[in-house]
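Biologist: I'd like to learn how to read a model like this one. Can you walk me through it?

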Amino acid sequence: MLVVLKKGVSESATSDVAGRLRMLGLAVHRSDHDGQVRLGAVGDGAPIDWELVRGWPMVQSVAPIPVPFKLVSRVFQPRDTVLSVGRCAIGSHQLVLMAGPCSIESETQAFTVAEAVARSGATVLRGGAYKPRTSPYSFQGLGEEGLKLLRRAADAHGLAVVSEVLDTQLVPLVARYADVLQVGARNMQNFALLREVAHAGKPVLLKRGLASTIEEWLMSAEHILSQGNSQVILCERGIRTFETYTRNTLDLNAIPVVKELSHLPVIVDPSHGTGIRDKVAPMARAAIAAGADGLIVEVHHDPDHALSDGPQSLYPDQFAALADQIRTIAGVVGRTL
Ligand code: PEP
Ligand code: MN
């Protein structure tokens, strides 16, 4: 339920209402809008006498939130969530460019790619140290050594770091090195992991599952917000369809749909979305034109020898050209890079 308090209600009266809602067995989350306090009161479905709440003197209105994802929805929080990651305010007029290799492979690779993407305007360095691979015989990542290289390469070029967390036990370790914790497509509905990353107190990049509906994706985000962490960035990375020419089908519909339903920022991964190097830039441009808050792009200085996802990785000069194009499109859609 959304409990909107009257304008000008004091902080102590607000705490009093929140306390009374908690006494009814509800979890209470706050969002402020237009000078009014909005309390999202969520419970386990046990019956509550909402007429009683409606009659409390500080309460202006009580209304259901008519979607299953409550805290994620714009009904609860009409204004956009803006997250501060490194030098970028994600979800504001500023677009974010996250870029880097699929996996961290070596010191030379990490530093070469970090230097290139920073020069082109990226503010966040991506790179996996723990990789979810279809085959157990494929490269699984360098582990903590990879995280150390990623952090050093990012720091050398003034970049923030995003890296994937594969399981609950790895959360404290990855959180020690990364500014943003990535939950991969394969783990979107790993609810134990969602809980654990929520408690790390860092922004979470939540990728859309391989075959997940938008509603399932937003419900996964709700798991994180319901744990008290509202710093979630949604990432559309393509879904499984009957099409086989591309690795996945990048669902650009999801951008305006999510923007309407949710206040959370949404970025696009055209690398996994297409799986084909020369299809990455056109889909990246389309994503920004469609209203995405940024991109996460795989870049490698020697993709023919990459240990993962070489065929979809851009060369540094291709990424530089793409960043210039994004700058132009940003101006057209009222954003900056
Ligand atoms: C990745 O970012 O390298 C990755 C494995 O992504 P996804 O979870 O979207 O497949
Ligand atoms: Mn990859």
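Modeller: Helices (H or I, at least four residues) and strands (E, at least two) are DSSP runs, numbered from the N terminus. This is a predicted model, where local features need pLDDT of at least 70, side-chain atom pairs count only at pLDDT 80 or more, and totals for chains, interfaces and linings use all residues. Residues are numbered from 1 along each chain as its sequence is written, chains are lettered from A and ligands numbered from 1 in the order in which they are written, and side-chain values use heavy atoms, with hydrogens and water left out.

Biologist: Is Asp309 buried or exposed?

Modeller: The general idea is a cut-off: buried means under 20% relative accessible area, exposed over 50%, and partly exposed in between (1.4 Å probe, protein chains only). Asp309 has 17% relative accessibility, so it counts as buried.

Biologist: What about the backbone of Asp309?

Modeller: Look at phi: for Asp309 it is positive, about 55°, although the residue is not a glycine. Asp34 also has a positive phi, near 55°. Asp34 lies in the loop between strand 2 (27–33) and strand 3 (36–42), and with a relative accessible area of 59% it is exposed.

Biologist: How do I read the metal site?

Modeller: Donors are N, O and S atoms within 2.8 Å of the metal (3.2 Å for Na, K and Ca); water is not among the atoms, so sites may look incomplete. Here the manganese ion (ligand 2) is coordinated by Cys102 (SG), His272 (NE2), Glu298 (OE) and Asp309 (OD), at 2.0 to 2.4 Å.

Biologist: Which parts does the pair Glu298 and Asp309 tie together?

Modeller: Glu298 belongs to strand 14 (residues 294–298) and Asp309 to the loop between strand 14 and helix 11 (316–332), so the pair links parts that are 11 residues apart in sequence. Glu298 is buried too. Along the chain, the donor spacing reads C-x169-H-x25-E-x10-D.

Biologist: And the overall fold: how many helices and strands are there?

Modeller: The protein has 11 helices and 14 strands. For the overall shape, take the radius of gyration over C-alpha atoms and compare it with the globule rule, 2.2 Å times the number of residues to the power 0.38. With 337 residues, a compact globule would come out near 20 Å, and the protein has 21 Å, which agrees. The C-alpha trace spans about 65 × 45 × 45 Å along its principal axes, and 53% of the residues are buried.
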